[in-house]
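Student: I have a set of coordinates to go through. Can we take them question by question?

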Number of protein chains: 4
Amino acid sequence: MLERILDAGQQVLVDHGYDGTSTNRIAAAAGISPGSLYQYFPNKDAIMSAILDRFSDTLTSRVTEHLSGQFDQPPPVVIRTTLAELLDALDVHPELQRAAVEHAPRLDDGRRLREFEQRVGDLATAYLTARRDILPTDDVPISATAWMIVRTVEHLTVRYLLDRPALTRDQFLDELTRLTLNYLRPPT
Amino acid sequence: MLERILDAGQQVLVDHGYDGTSTNRIAAAAGISPGSLYQYFPNKDAIMSAILDRFSDTLTSRVTEHLSGQFDQPPPVVIRTTLAELLDALDVHPELQRAAVEHAPRLDDGRRLREFEQRVGDLATAYLTARRDILPTDDVPISATAWMIVRTVEHLTVRYLLDRPALTRDQFLDELTRLTLNYLRPPT
Amino acid sequence: MLERILDAGQQVLVDHGYDGTSTNRIAAAAGISPGSLYQYFPNKDAIMSAILDRFSDTLTSRVTEHLSGQFDQPPPVVIRTTLAELLDALDVHPELQRAAVEHAPRLDDGRRLREFEQRVGDLATAYLTARRDILPTDDVPISATAWMIVRTVEHLTVRYLLDRPALTRDQFLDELTRLTLNYLRPPT
Amino acid sequence: MLERILDAGQQVLVDHGYDGTSTNRIAAAAGISPGSLYQYFPNKDAIMSAILDRFSDTLTSRVTEHLSGQFDQPPPVVIRTTLAELLDALDVHPELQRAAVEHAPRLDDGRRLREFEQRVGDLATAYLTARRDILPTDDVPISATAWMIVRTVEHLTVRYLLDRPALTRDQFLDELTRLTLNYLRPPT
DNA sequence: AATGAATGAGGGTTCATTCAT
DNA sequence: AATGAATGAACCCTCATTCAT
């Protein structure tokens, strides 16, 4: 039933946007009465949060799982396949992802979104720390480098799926991989 | 009077956030009656759009102006100073910018935001076309390369101002410049 | 319009009791839309308070006015006519008075009602202080004596009108006057 | 089980006030499910009524018991000790009493409260009839005299406990006794 | 008897929009 | 042009009550 509510809420979010997502609509979409929502969630925001949490959990675990199986591959391989994994994970619910990107900033003052980014950032920092040798310089903290990369990758991936620019999936992954790897290349 | 309404709306948006921006508040801030708003704008969204348009116009013209005076400088200089110009332009109204980032996607289904990005993208494409020599390959359309760079730069700049990570302005500009230039570097 | 809302609210209060007094009902009774209530009152409690305030103001001013014109009459006359004045004032809106008595305790934790009693108590204290000579003893503070009398008179008057026991108005006034005066009589 | 529900309801009433007393809370406090309440009571009001009934039964029986053991004492003693008994009986559950006073009027249109007062009034009438000699006049029916006294005593006692004015228990009992006895004193 | 999830009408309140003045 | 009182649909949420299990 929790699932049913989240599914319904997700559908409403996708169909009507954040402002169009009323508790009554969610209840109707779930085929239950408005009051029943409150047996499972304390309020509307909790529902929205749970929807986004579920989504971000799926993403994080897919990427983490993939990464943990690749840790000893050469960086270009790790990065390229990880980006592919992220892209494909996001591509499962492109509509939800659009909604999430557009509306998550308002939930808990965006804490939810920031948490997700934090988790991915930690992952990237961990990887870069392990592969400290590929970093071009010591002048910039690893966390800052990770911050640059994570934001870039996250945003470009999302926007690629939403805008569908004139690039094939593989071309896009090539570009994104190059962007990332070149960023780490030492100056000549 | 149009200006007055936009100023008032912008102030309310900055002070009270998107959800706190009611038409009544805007009218009060503008020193007119709620009904009078509708003499100048068909509805609330039109006001919000106009506020964001004005902001994006300011940005575009500052960057365009700067770029046109730098066209013949060496690319590293052009890019670094252009990024600085963009960063500083955005930094004038960080609160407004936050509001814009969080809420623009919902206005007109995001058409507004896309328009702005289109304009900046065209600018970048024009520059890259002129400097076609610095591109690493012909396999990827220039517009796609511009798309990658524009999204990256735009998003990182915005997030830098909002998140204020542990990087000084100059460090950040260094990183962003390197990210951009390295992206264009040919493979070894 | 304020008056109209208060009248409507008063009617609804009388007809449906405190719990039956919804803002929607008040609005309907006033012939306006629910939203309009909030142009004149910040919330429901403010409406309820205003209704009771209006009622208690009427009472207080009638009694005060009467008392100020009688201050130099002999105590039995003052008391008897004052009680009559109070009884008649309360009798104007017996239904409202019932509602007030039954439901006022819940408003602001009863602050409203207490305020009214405070005002009447002050009046009584003032009178007793002026006529200190009729008090039987100095052992009890005047304010306590006033407290006893005010509660008694208020409650009996109210209950007389609501319960209509087997006493004529004049008999009741006789009894109430005797109760009050005898309370002040010195022991033999 | 009936007892258990009443105990639970009473506790909730005392702890959370009338508006905070939901059937769900009562059920939880009683350690049963909401649905089970309706096996023992037809609806919420019946529960509330039963709680107040039980309370008023306790009061009546304490006072009756006391009175029956004092019938042949001199009136000043009977009255003083009876008032003391009532005061102490009410003081056992001041919070419950407050709830009772504030909300009893609304139950069954106040029938419940009136019944209680009727019983106490009958008691007083019986006593006064037995001691008819102490009445100052025959012009007023005994029941009316009892009505005056019962209301006064009941209300003052309740209010004394709720308002806690600047009077000790004994001072208050002195005053209340004097009020009652003096009311019955013949005019000079 | 007992459960407790489900109900759904109704609660107070907001606010973009309108329209008589 | 300008007003601002009035609108009313929609918001989120509560809770006494029911009924399939």
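Student: What percentage of the contacts in chain A with a separation of 6 or more comes from residues 24 or more positions apart?

Tutor: This is a predicted model, in which local features need pLDDT of at least 70, side-chain atom pairs count only at pLDDT 80 or more, and totals for chains, interfaces and linings use all residues. Residues are numbered from 1 along each chain as its sequence is written, while chains are lettered from A and ligands numbered from 1 in the order in which they are written. Two residues are in contact if their C-beta atoms, placed from the backbone, lie within 7 Å. In chain A, among contacts with a separation of 6 or more, the share from residues 24 or more positions apart is 62%.

Student: How many helices and how many strands does chain A have?

Tutor: Helices (H or I, at least four residues) and strands (E, at least two) are DSSP runs, numbered from the N terminus. Along the sequence, chain A reads α-α-α-α-α-α-α-α-α. The count is nine helices and zero strands.

Student: What percentage of chain A is buried?

Tutor: A residue is buried if 20 or more other C-beta atoms lie within 10 Å of its own, exposed if 12 or fewer, and partly exposed in between; the C-beta atoms are placed from the backbone. The C-alpha trace of chain A spans about 65 × 35 × 30 Å along its principal axes. Of its 188 residues, the buried part is 31%.

Student: Which helices do the buried residues of α1(C) pack against?

Tutor: Helix α1 of chain C covers residues 2–16, 15 residues in total. From first C-alpha to last it reaches 21 Å, close to the 21 Å expected at 1.5 Å a residue (1.5 Å times one less than the number of residues). Its buried residues are Ile5(C), Leu6(C), Ala8(C), Gly9(C), Gln10(C), Val12(C) and Leu13(C). In chain C they pack against α2 (23–30), α3 (34–40), α4 (44–68) and α6 (94–103).

Student: Which residue just after α1(C) takes a positive phi?

Tutor: Look just past the end of the helix. The phi there is about 80°. The residue is Gly17(C).

Student: Which element gives the most to the side of chain A that touches chain B?

Tutor: The contact takes 25 residues from chain A and 24 residues from chain B. On the chain A side, α8 (142–163) and α9 (169–184) give two or more residues each. By class, that side has twelve nonpolar, six polar and seven charged residues (Ala, Val, Leu, Ile, Met, Phe, Trp, Tyr, Cys and Pro count as nonpolar, Asp, Glu, Lys and Arg as charged, and the others, Gly among them, as polar). With nine residues, the element that gives the most is α8(A).

Student: How many residues does α8(C) supply to the side of chain C that touches chain D?

Tutor: This contact takes 25 residues from chain C and 24 residues from chain D. Both α8 (142–163) and α9 (169–184) of chain C supply at least two residues of the chain C side. The largest share comes from α8(C), with nine residues.

Student: How far apart are the nearest C-alpha atoms of chain A and chain D?

Tutor: No contact joins chain A and chain C, whose closest C-alpha atoms lie 20 Å apart. Chain A and chain D do not touch either. Their nearest C-alpha atoms are separated by 13 Å.

Student: Which residues are closest to DNA strand F?

Tutor: A residue is near a strand if its C-beta atom, placed from the backbone, lies within 6 Å of it. By that test, 29 residues surround DNA strand F. They comprise nine nonpolar, 18 polar and two charged residues. The closest are Ser22(A), Gly35(A), Asn43(A), Gly35(B) and Gly35(C).

Student: Is Arg164(B) buried or exposed?

Tutor: Arg164(B) sits in the loop between α8 (142–163) and α9 (169–184) of chain B. Its phi is positive, about 45°, although it is not a glycine. Most residues other than glycine have a negative phi. With 10 other C-beta atoms within 10 Å, Arg164(B) is exposed.
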